[in-house]
Every structure is written in C-alpha cells, then in structure tokens.
Amino acid sequence: MTSKTVSIAITGAGGAGVMTAGQMLLDAAAKAGLYGLMTRSSGPQIRGGEAAAFIRLSSDPIDCPDDYFDVLFCFDWMNVDRFAAELPLRTDSVIIGDEAAKNPPEMITASVARQVMVPLSEAAKEIEGGRPNMIGLGMLGELAGVPLDALQAILEKVLKRKGQAALDASIAGVEKGMQVATDLESKIGIDLHLERKENQQTRWSLTGNEAAGMGALRGGVRFCAAYPITPATEVLEWLAPNLEKVGGTLVQAEDELASVNMIIGGSFGGVPSITATAGPGLALMTEALGLAVSAEIPIVVIDVMRGGPSTGIPTKSEQSDLNIALHGLHGDAPHIVTAAQSISDCLFTTQWTVHLAEALQTAGIVLSDQSLGQSRNIIDKPADLAFVAKREVVEAGVEDYKRYALSDSGVSPMAIPGTPGGEYVADGLETAENARPSSSAEDHYAQLDKRQRKLSQFDYGQHWAEIEGEGELAVVTFGSVTAPVREAIQRLESEGQKIKMISMRLLSPALPDKMDEALVGVKKLLVVEQTHSKQFYRYLRSEFDLPKDTTVLAKPGPLPFRPGEIVNTLKELG
Amino acid sequence: MDQVLQQKPLTFKDYKSDYKPVWCPGCGDFSVLAAITKALAELQIPREDCAVVSGIGCSSRIPAYTSVYGIHAIHGRALAAATGLKVARPELTVIATGGDGDGFSIGGNHFLHACRRNVDMTYVVMDNEVYGMTKGQASPTTASDWEGSKLTPHGTGVSPFNPLSIALSAGASFVARGFAGDPNGSAKLIAQAMQHKGFSFVQILSPCVTFRPEQTEWKKIVRKGEIEGGHSLAQAMSFLATDDGFATGILYETQRPVYAPEMSEKQGLADIEASFEL
Ligand SMILES: Cc1ncc(C[n+]2csc(CCOP(=O)(O)OP(=O)(O)O)c2C)c(N)n1
Ligand code: SF4
C-alpha cells in the first residue's frame with residue numbers, strides 16, 4: 001500500500017489483556033472506517049505466558065504486515081526478547097512501556113527506537129476497577145486516530161455481559177489513555193493519525209479460518225468430519241455451530257484417517273463434504289484422497305499449512321506442504337490443488353474449490369496457512385458468488401447405468417443412494433465403465449485418461465491466477481506471499497518501475513497455456529515462496545516454460561515475508 | 001389410469017449382482033454373502049435405500065456382489081466411510097463389511113470408536129483368523145502358536161484379539177456371533193442386527209479354505225445358538241470368560257442413545273454472514 005499505514009505491536013504477560021486490547025483496537029478501527037490486520041504470536045506455552053498482538057491499520061484495505069513497527073507497546077517486559085525476531089523497529093519507532101515495570105531487558109535498552117515510559121499502572125489505579133490494558137487501548141486509539149465513540153461502541157459490545165460498572169471503568173480507562181497519548185504526541189512529536197474515509201461499504205471482521213468455513217457453506221457444504229490440529233482447528237470450531245444452522249452437521253472423528261473417509265461416505269451419499277487439517281493430518285489423508293480421485297467422489301480438504309517437517313513449528317506459517325498436496329497421492333491421481341491468497345480469499349478459494357470438486361467429481365485440496373488462518377482482517381463484505389456445488393447426477397429409472405461412462409467431458413453423472421436403478425459400487429479398484437472392477441489395460445488407460453481429461457479440459461476462467469500490472473519483469477507467487485509481493489510491486493510502481501504479478505490460485509491441474517499467455521513479454525522472472533527447498537519453483541519448472549532469466553526468493557517460516565525484502569530483491573534484478 | 005401393480009416381494013436373489021465372486025471355491029464368504037442378501041430380503045429393504053461399505057480383503061469384496069449401493073473403499077476404513085454415509089444420509093440402511101485384518105488390525109481404532117459412537121448401522125466381520133487376500137499372514141484373531149505364515153514362522157507369540165469382548169468393552173449396543181456354515185442362522189442374526197437401533201456388530205466365523213484349510217473342521221465344532229448372553233453386560237462378559245469362540249447367537253443387546261445429529265435448517269446463510277459485521 002502506498003497510503004499511510006500504522007503498525008503496532010502489543011506485548012505482555014498472560015493475563016495482561018494483550019489480545020483483548022489488540023482485538024478491540026482492530027474492531028474499533030473498523031467501526032471508525034479504517035481497515036486492518038491483526039496477527040498473533042505467543043510463546044510455546046499452551047495457555048497464559050507472554051503474548052503479542054501485531055496490528056496494522058490503514059485507510060485502505062491492507063492484508064500483510066509492514067517492514068517495521070511504528071509502535072511497540074509493552075504492558076510489561078515478560079519475555080519480550082522472545083519476540084525480538086518478529087519485532088523489527090527503526091529509529092523513528094516508539095517503544096512505550098509502563099513506568100511501574102522495572103528494568104527493561106537488553107532487547108529494549110539496545111533498541112535503536114525511541115523509548116518512552118508512561119504511567120500505565122498508575123493511571124489504572126486512579127480509576128475504580130481500572131485496568132492498564134484499557135489505558136493502553138485508549139493510547140493506541142488516540143495515536144492511530146481511532147476516535148472515542150468507536151472504541152466505546154466496541155467496549156459496549158464486548159463488555160455487555162460484564163455489567164455497567166466494568167463498562168464504565170473501561171471507558172474511563174480508555175479516555176484516560178487517550179489523554180496520556182495526546183500529551184505524548186506533543187511531547188515527542190509523532191503523528192500517526194490515519195485518515196478515515198467515511199460512509200463506505202459494510203465491513204467484515206474475520207480470520208482466514210472463519211473465511212474458509214464460510215466459503216464452504218456458501219459453496220453448499222453440509223457435512224464435515226474432522227480431527228483437531230493447529231492451526232486448522234478454528235475452521236472446524238467455526239463450522240460446527242454454523243453447519244448446524246443450515247441443516248448440516250460436523251462429526252469429530254477419531255483421527256484424520258477417519259475424517260477423510262467419513263467425508264468420502266458423506267459425499268457418496270450426495271452431500272457436499274469437507275474436512276480441514278494441517279501437514280501431519282494431510283499426510284495421513286493421502287491414501288483416501290486417492291480413493292476419492294479414483295472412485296470420483298468429490299471431497300475437499302482444507303490444509304492450513306504450518307512449519308514442517310513432522311511437528312515442526314505448529315504455531316507458525318510456512319508453505320512447505322506444497323509438495324505433498326501436489327504429489328502425495330499414490331498412482332496417477334489427478335486432483336485439484338488451489339491456494340488462498342489472502343484472508344478474504346480463503347472464502348472465495350474454498351467456495352470455488354467446492355464448486356470444482358463437485359463439478360469434476362474429484363478431490364480438491366485448498367492450501368491456506370497459519371498466517372492466513374489465524375490472523376484477523378477487516379475487509380469489505382465480499383460479493384455473492386455464483387459458485388456452488390453442482391454435481392451431475394442421474395435421475396431415477398436410468399437403464400443400463402454406467403457410473404464411469406467415458407463421456408466427452410470426462411464427467412459421468414453420479415447416482416446418489418436413494419435413486420432407483422442407479423445402484424453401483426464406488427470402487428478404489430480400477431473399473432470398467434459399468435463400475436465393475438477391471439484389471440484390463442484398456443479400461444485402465446481409458447479411466448486414467450478420463451480422470452485427467454475432465455480436469456485438463458475444464459474451463460477455469462480467469463480464476464486460475466490473479467494477474468496484475470505489466471512489465472518485462474514479473475513475479476510469480478502463490479498463497480499468503482501474494483500480499484507482500486503485491487505491496488512490494490506497488491511501492492516500486494510509485495517509484496516508476498513496472499512489474500507484473502502472477503499469483504496462482506489454481507496450482508493443479510497446471511494450465512501451461514494460461515501461463516504462457518501470462519508470461520508474454522516477460523523477460524525476467526522472480527519466484528517468491530515460503531519454503532526452504534524451493535518447492536514452488538521446482539514445480540513451476542516441471543510444468544511451465546519459464547524465462548531463462550528466472551530467480552527464486554525462497555524463505556522458510558516462521559518469520560513472515562515483509563514487502564521490503566521483496567522490494568530489495570526486485571531492485572537487485574533491475 | 002394404469003392399475004398400480006402389486007409389487008412382488010424381493011427375494012435374496014434380487015439383492016445379488018450378476019457379478020461372479022473371485023473367491024476360492026468353498027470360501028466361507030459365499031455363505032455370508034447369501035446371509036446378507038437373505039437378511040435384506042427378509043426386511044424388504046428397497047435396494048436403492050441400502051448401501052454396503054467395505055475396506056479391502058477377500059471378504060471386503062462383498063459390495064460388488066450385491067445389487068444395492070456400495071463403497072469398496074480402502075483397507076481398514078470401511079467403518080469410517082459407512083459412518084459418514086449414515087450420518088449424512090440417516091434414512092439409508094448402511095451395512096459395513098470386511099475381514100478380521102481389515103477391521104481389527106488396520107481398522108482397529110475405528111472399530112473401538114464405532115462401538116462407542118453408536119451410529120445406527122450394522123458391521124459384519126468375516127473372521128477367518130488370517131489375511132486371505134495377501135496370502136496367509138496372521139491377523140489379530142490368529143492363535144499365537146499358528147506357524148503357517150512366512151512372516152511369523154514361529155507363531156505370533158501374541159495373544160489374539162477377542163472381537164466380542166472388545167466390542168462389549170467399547171460400548172457396542174448389539175453383539176453377536178454367527179457361522180458361515182449356517183447361512184440361515186447368520187441371515188437371522190444379521191436381520192436382527194439391522195433391526196437394532198444403534199451400532200450392531202456381528203462376527204461371522206468364515207473359513208479360509210485356502211490358507212487355513214483346517215478351518216473346514218469348524219462345521220463340526222461350532223455350536224449353533226449356544227451363546228448365553230442377553231441384556232446384561234455382566235452376563236455377556238461372564239459368558240466370554242469361558243467361551244471357546246465356537247458358540248453362536250446374540251451375546252448382548254441393549255438400547256443406548258443413537259448418534260444422530262439433528263439436521264434441520266434453522267437459519268440462512270445471510271444470518272451467519274451478518275455475524276462478521278461489526
Ligand atoms: C494400506 C494397505 N496396507 C496393506 C494392504 C494389503 N492388504 C490387502 S487385504 C489385507 C488383509 C486382509 O485381511 P482380512 O481383512 O482378514 O480379509 P480376508 O482377505 O481374510 O477376507 C492386506 C494386508 C492394503 N490393501 N492397504
Ligand atoms: S483366500 Fe481364503 S478368504 Fe480369500 S477367497 Fe480364498 S478362501 Fe476365501
């Protein structure tokens with residue numbers, strides 16, 4: 001974004017109210033007409049312990065972190081060092097601490113940023129039932145230009161159940177904090193106020209995991225079976241009550257093997273079905289994904305990627321499940337792999353993938369990741385999309401039904417249990433057209449061809465990728481890396497450089513013709529991905545013709561890509 | 001107006017497909033197929049409203065030989081697929097089938113949880129105490145001193161899995177044992193199991209004549225209808241304490257809440273979407 005944005009980090013011990021303050025600031029900003037993004041970080045403990053909320057606010061939609069934080073707000077110094085790598089600061093950043101908190105650690109004292117101590121606990125004590133985090137919320141609101149009425153509205157909403165006294169104390173705390181911040185602004189001469197554009201569209205506040213759940217519902221999913229795993233669990237926690245509202249259901253399965261096979265059962269029954277998992281769970285599901293492909297039973301698996309291999313860094317982001325999503329299935333098993341590009345795109349991409357899986361009667365894997373799934377974004381309410389589950393089915397009374405008929409499109413109408421005359425057995429064994437198991441070479445070729453053909457021939461329209469800008473220099477990327485790439489390109493554009501962005505949403509099947517078209521006129525290419533072994537680049541090289549002059553910027557998790565590092569690489573390329 | 005024709009009742013043959021089984025001649029699974037189709041005929045289940053779901057193994061070939069809907073899924077996962085189907089489509093009659101390897105080894109975890117979950121479906125396991133399809137390895141129900149497998153030439157040295165007692169411990173609400181050599185008795189057990197509301201488990205001793213030829217003797221050993229179970233868990237457990245594995249009949253039947261999520265639309269998508277607004 002070339003418009004002004006403000007990045008704020010809030011840290012503190014468990015119980016300090018870091019997340020509450022962060023979330024309230026974000027929501028109030030949205031109420032006041034701003035946009036924003038909040039990601040969370042915490043230490044290795046399950047509950048309690050130190051925590052950090054990273055917030056970026058802006059006048060325009062924003063969906064990736066900035067290079068630096070403008071403000072680091074510390075309620076106390078509890079293990080703040082642990083976040084050091086996640087907290088880039090610069091000379092004009094401000095570290096705000098509590099006067100009452102003794103002895104700032106090295107990380108703070110050695111920082112290049114300006115440091116000011118304010119009477120947080122003091123001020124809180126002056127208010128009956130006052131809490132330092134409300135003083136902090138008021139201060140941060142004032143600094144970013146979020147007005148009192150917006151903060152008040154959020155407090156009323158959140159504290160409704162806690163009673164009038166709690167609400168009054170919080171409002172008094174916020175007012176006090178705003179006053180402290182006003183003094184501070186004049187004292188150290190900072191102005192981080194954001195311009196607020198009034199009267200815009202309805203805004204939503206949601207995480208990528210919630211967005212994916214909503215995409216599934218919009219797409220027509222009515223059955224889910226799943227086993228919890230970080231960072232995918234919230235997809236399931238969101239779906240459980242919401243599926244129920246629309247007449248669907250969620251089963252908590254005994255493991256991932258069960259969950260994926262359960263959704264195969266549900267979908268065989270005619271009900272669009274989904275599950276969500278992360279790397280280790282996806283590994284367990286690959287055998288069943290092959291069954292879905294072979295028996296042509298549509299299912300969708302949302303894989304919220306985290307640091308791997310093995311248990312890796314389960315609370316942080318990475319894109320390194322790409323290989324297993326593309327290649328993990330045994331045999332020749334063409335299937336759909338898509339990648340969500342932003343928190344709001346988790347909704348679109350999931351909905352679209354449900355549509356594709358149903359239309360093509362195959363398995364679809366939606367790649368999301370921790371940074372999308374567990375971050376909260378303020379977005380404009382997405383438009384209603386026409387993509388819903390539309391499975392080709394046979395009507396009652398078919399004669400001589402051939403479940404796996406070799407149709408031109410490769411899609412053969414499916415009989416749903418309850419349909420007289422359509423009785424057949426869905427099989428993981430290779431079959432003849434009539435669904436009878438067959439080990440003949442002829443049937444195997446024909447069915448392999450058919451399953452590949454239906455995917456290759458399908459018209460995916462323009463959704464296969466987001467293509468933006470023009471230029472002889474282009475960047476190819478996918479998933480959550482899209483936002484920092486886009487911002488890097490926009491920054492360079494404002495300096496007069498022209499760069500094209502191709503962010504792939506459909507990773508498999510590969511559409512080399514579309515890529516050729518997108519690469520017309522491109523002389524130099526940069527591939528950006530969040531893996532260590534350049535999984536995406538290797539995949540691109542295996543499927544597409546890339547310009548000779550192709551460079552890779554691959555960086556594993558857990559630190560997020562920041563636009564600046566992509567800007568630097570692009571500048572080097574010229 | 002056309003006269004509505006009086007539909008003739010379906011016979012067990014109507015539930016068979018015209019596909020010829022790949023089983024070895026004399027395999028017990030032929031009789032189990034007959035028993036399942038007879039049970040379906042007895043209950044007159046419309047063919048389109050029934051599905052047979054299996055994993056992988058000789059016994060798991062059953063779905064293709066029936067003329068109802070079916071899933072021949074992957075090894076060990078029949079119960080999971082069957083559960084998904086039944087929960088998503090509660091009005092269907094769902095039968096899961098397979099072997100002792102499929103159900104108790106690779107699928108062991110699903111067996112425990114299917115017993116606990118009590119979804120209204122029937123699980124028929126053709127127990128031949130061997131992996132038939134992979135040519136004769138020990139299964140969880142194989143006696144520890146069986147030396148017939150190249151993989152365990154000195155026997156498994158591991159005490160066998162007792163499917164009935166594990167089903168009881170895991171909370172199954174209907175537990176029975178039948179014998180392939182008694183297709184009518186097995187058909188009756190399966191029909192009773194299907195009528196039971198909740199998860200019903202029927203172990204059927206089904207000889208593998210190829211890799212356990214000694215099992216042809218089972219017809220001399222099996223004692224039909226001799227299980228003394230009933231409605232008391234204590235009684236069923238105590239029966240198993242002295243059971244030699246060759247008595248048949250219903251061991252235990254009780255009523256427990258059936259896992260059946262209510263599925264009715266209470267709200268539209270727009271209401272859910274409104275919750276994202278601030
Ligand atoms: C994941 C996986 N592992 C192993 C196999 C090989 N396999 C096929 S059937 C089978 C055992 C079948 O034994 P059982 O379930 O007792 O059935 P039976 O053939 O005796 O009827 C095995 C190990 C497989 N198909 N899939
Ligand atoms: S190998 Fe055994 S179980 Fe398999 S078909 Fe032959 S007799 Fe039956």
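Everything here comes from a predicted model.

Chain B to begin with. The secondary structure there comes to nine helices and seven strands. Its radius of gyration is 20 Å, close to the 19 Å that the globule rule gives for 278 residues, so chain B is as compact as a globular protein of that length. If you want box dimensions, the C-alpha atoms of chain B fill roughly 70 × 60 × 35 Å along the principal axes.

Taking the contacts in chain B with a separation of 6 or more, 69% are between residues 24 or more positions apart.

Now the surface and the charges. Chain B has an accessible surface of about 11,900 Å², and carbon and sulfur atoms account for 54% of that. There are 24 positive and 28 negative side chains in chain B, with the centres of the two sets 6 Å apart.

Over to chain A, and helix α18, residues 563-573. Which residues of this helix are buried? They are A:P563, A:G564, A:I566, A:V567, A:T569, A:L570 and A:L573. As a reminder, an α-helix has 3.6 residues a turn, so residues three or four places apart point the same way.

What do the buried residues of α18(A) pack against? In chain A, the partners are the strands β17 (473-478), β18 (499-504), β20 (524-529) and β21 (549-554), together with the helix α15 (482-493). After α18(A) comes A:G574, with a positive phi near 90°.

Terms used
Residues are numbered from 1 along each chain as its sequence is written. Chains are lettered from A and ligands numbered from 1 in the order in which they are written. This is a predicted model: local features need pLDDT of at least 70, side-chain atom pairs count only at pLDDT 80 or more; totals for chains, interfaces and linings use all residues. Side-chain values use heavy atoms; hydrogens and water are left out. Helices (H or I, at least four residues) and strands (E, at least two) are DSSP runs, numbered from the N terminus. The radius of gyration is taken over C-alpha atoms; the globule rule is 2.2 Å times the number of residues to the power 0.38. Contact means heavy atoms within 4.5 Å. Accessible areas come from the Shrake-Rupley method with a 1.4 Å probe; for residues, only the protein chains shown count as cover. Lys and Arg count as positive and Asp and Glu as negative; His and the chain ends are not counted. The place of a charge is taken as NZ of Lys, CZ of Arg, CG of Asp or CD of Glu. Buried means under 20% relative accessible area, exposed over 50%, partly exposed in between (1.4 Å probe, protein chains only).
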